[in-house]
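Please look over the structure below before reading on.

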Amino acid sequence: MRILDRERYWAFLKAYVICFVALVGLYIVIDAFSNLDEFAKRADGVTEFFKVMGWYYLIHMSQFYDRLCGVIGMMAAIFTVTWMQKNNELLAMLAAGISTQRVIRPVWVSTIAVSLLAVFNQEVIMPRYAAEIQRSHDDDGTLKVLVPSRYDGNKVVIHGREADRRSKTLLPCNITVPANILGAIIEIEAKQARYVPLEHPTAPLTGGWLLRGSRLITPVDEKVFADKEALLVKVEDLKGFPPLYGDKTSLSGDSYFLRSTLDFDSVARSRDWYHYATTPDLIQSLSDHSNDKAEKVTIAVFLHSRLLRPLQSLNLMMLSLPLVLGGFGRNMFVNLGLSLGTSAMFYGVCFLSTYLGDHSVIDPELAAWAPLIGFGSIAVARWGSIRT
């Protein structure tokens with residue numbers, strides 16, 4: 001590594017840190033002052049208040065970075081190159097016979113490095129704290145969440161009004177079993193549905209939902225529940241099962257056990273859960289029967305866009321650098337304004353393409369590739385205007 005390369009790397013690092021602190025810090029300040037009351041509900045005292053707020057934004061830092069990584073990298077590259085021009089360093093290096101492409105090589109390497117850092121963030125850090133990232137400002141992990149309808153691998157519909165995450169219980173719950181399983185459509189209304197994981201130590205039946213306080217909406221012959229290995233089993237003895245949610249010792253009605261591939265986390269997750277999932281989980285979710293057709297299309301569009309994100313970051317930089325290196329001016333703020341206008345146009349087209357893909361107007365592959373192909377062609381044309 002030569003001296004000039006080390007200077008470019010150091011300049012890029014300083015610009016990147018400054019842009020990151022400025023953008024993310026501004027977002028945090030505005031968001032924090034807008035939600036002081038929500039944080040106060042979770043804290044008892046000033047010390048705990050700042051502890052709760054600090055942990056919330058420390059966890060959400062990965063989410064902010066995921067959203068802004070492309071723009072921050074582009075801004076850092078613009079500041080690095082513009083500052084080099086402002087000090088007439090580029091002119092001296094060109095006079096020494098060093099090409100512009102060689103001069104900005106450290107900027108390319110730095111941009112690729114931060115793109116890999118963004119990939120590490122989306123594949124490792126965000127999935128690890130996905131549950132906490134999806135919480136609202138006043139949610140300490142005990143608030144109940146709304147539950148949409150879900151299908152499991154057997155096409156059984158599970159719908160709960162709300163869910164308690166601590167006890168993994170739906171309150172209340174409606175179950176619809178299709179006719180091809182037990183010979184007739186079975187609808188069950190339960191006051192509580194508690195998920196029993198496979199590794200539960202004492203439950204006689206595991207890997208499904210224990211329905212308490214249940215009643216059959218459609219009359220069915222009781223013989224269909226006689227087989228203890230069937231999908232739906234009537235439970236006479238609740239000994240060994242997880243305790244009842246709430247202060248009540250029992251609920252009026254029957255108890256049933258529904259074996260299901262759909263666990264509590266899959267039922268209670270938010271609509272945008274896939275933003276915080278790993279790429280292998282997204283690929284697997286495309287064949288998951290709990291996701292409806294519209295959701296699978298949205299996940300497919302997001303998956304293709306995620307795979308192309310490093311290329312999109314490089315494309316954005318290739319669009320912006322020629323504005324600086326093409327002789328349009330040495331004022332870094334003018335150059336930054338032109339670059340931000342280019343990035344706004346770029347992301348606007350990306351959002352439009354994603355919208356069309358989510359609504360099945362265009363294929364998911366085209367929704368991800370179209371902006372990259374279009375703006376990539378413009379970047380190649382602009383690249384010829386660089387002074388060498």
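The expected span of a helix is 1.5 Å times one less than its number of residues. Helices (H or I, at least four residues) and strands (E, at least two) are DSSP runs, numbered from the N terminus. Helix 12 has 17 residues and spans 24 Å from first C-alpha to last, close to the 24 Å expected at 1.5 Å a residue.

This is a predicted model, in which local features need pLDDT of at least 70, side-chain atom pairs count only at pLDDT 80 or more, and totals for chains, interfaces and linings use all residues. Residues are numbered from 1 along each chain as its sequence is written, and side-chain values use heavy atoms, with hydrogens and water left out.

**Confidence**

- The protein chain has a mean pLDDT (the predictor's confidence in each residue, from 0 to 100) of 84, and 95% of its residues reach 70 or more.
- Confidence in the chain is lowest in strand 1, with a mean of 76, and highest in helix 6 (residues 105-128), at 90.

**Helix 12**

- Buried means under 20% relative accessible area, exposed over 50%, and partly exposed in between (1.4 Å probe, protein chains only).
- Helix 12 is mostly covered, with 13 of its 17 residues buried.
- Helix 12 (309-325) is among the elements that each supply at least two residues to the lining of the second largest pocket.

**Pockets**

- On a 1 Å grid over the protein atoms alone, a cavity is a set of points where a 1.4 Å probe fits but cannot get out, and a pocket is an open set with protein on both sides within 12 Å along at least five of seven lines; lining residues have an atom within 4 Å of a point.
- Grid points are joined across faces, edges and corners, and a volume is the space filled by probe spheres set on the points.
- The largest pocket has a volume of about 890 Å³. Of its 33 lining residues, Gln134, Asp265, Arg269, Ser270 and Trp273 are the closest to its centre.
- Helix 9 gives the most to the lining of the largest pocket, at four residues; helix 7 (130-133), strand 1 (145-146) and helix 10 (279-285) are among the elements that supply at least two each.
- For the residue classes, Ala, Val, Leu, Ile, Met, Phe, Trp, Tyr, Cys and Pro count as nonpolar, Asp, Glu, Lys and Arg as charged, and the others, Gly among them, as polar. The lining of the largest pocket holds twelve nonpolar, ten polar and eleven charged residues.
- The second largest pocket holds about 760 Å³ of space, and of its 30 lining residues His275, Phe302, Ser305, Arg309 and Phe351 lie nearest its centre.
- Helix 13 gives the most to the lining of the second largest pocket, with seven residues. That lining divides into 15 nonpolar, nine polar and six charged residues.

**Cavity**

- One cavity of 30 Å³ or more is found in the whole structure, and the largest cavity holds about 120 Å³ of space.
- Its lining has 15 residues, of which Cys69, Gly70, Val114, Ser115 and Ser313 lie nearest the centre. Helix 3, helix 6 and helix 12 give two or more residues each to this lining, and helix 6 gives the most, with six.

**Leu231**

- Leu231 lies in the loop between strand 6 (208-216) and strand 7 (232-235), and counts as buried because its relative accessibility is 15%.
- Leaving out residues up to four places away in sequence, Leu231 touches (heavy atoms within 4.5 Å) Asn154, Val156, Val177, Ile181, Phe257, Leu258 and Arg259.
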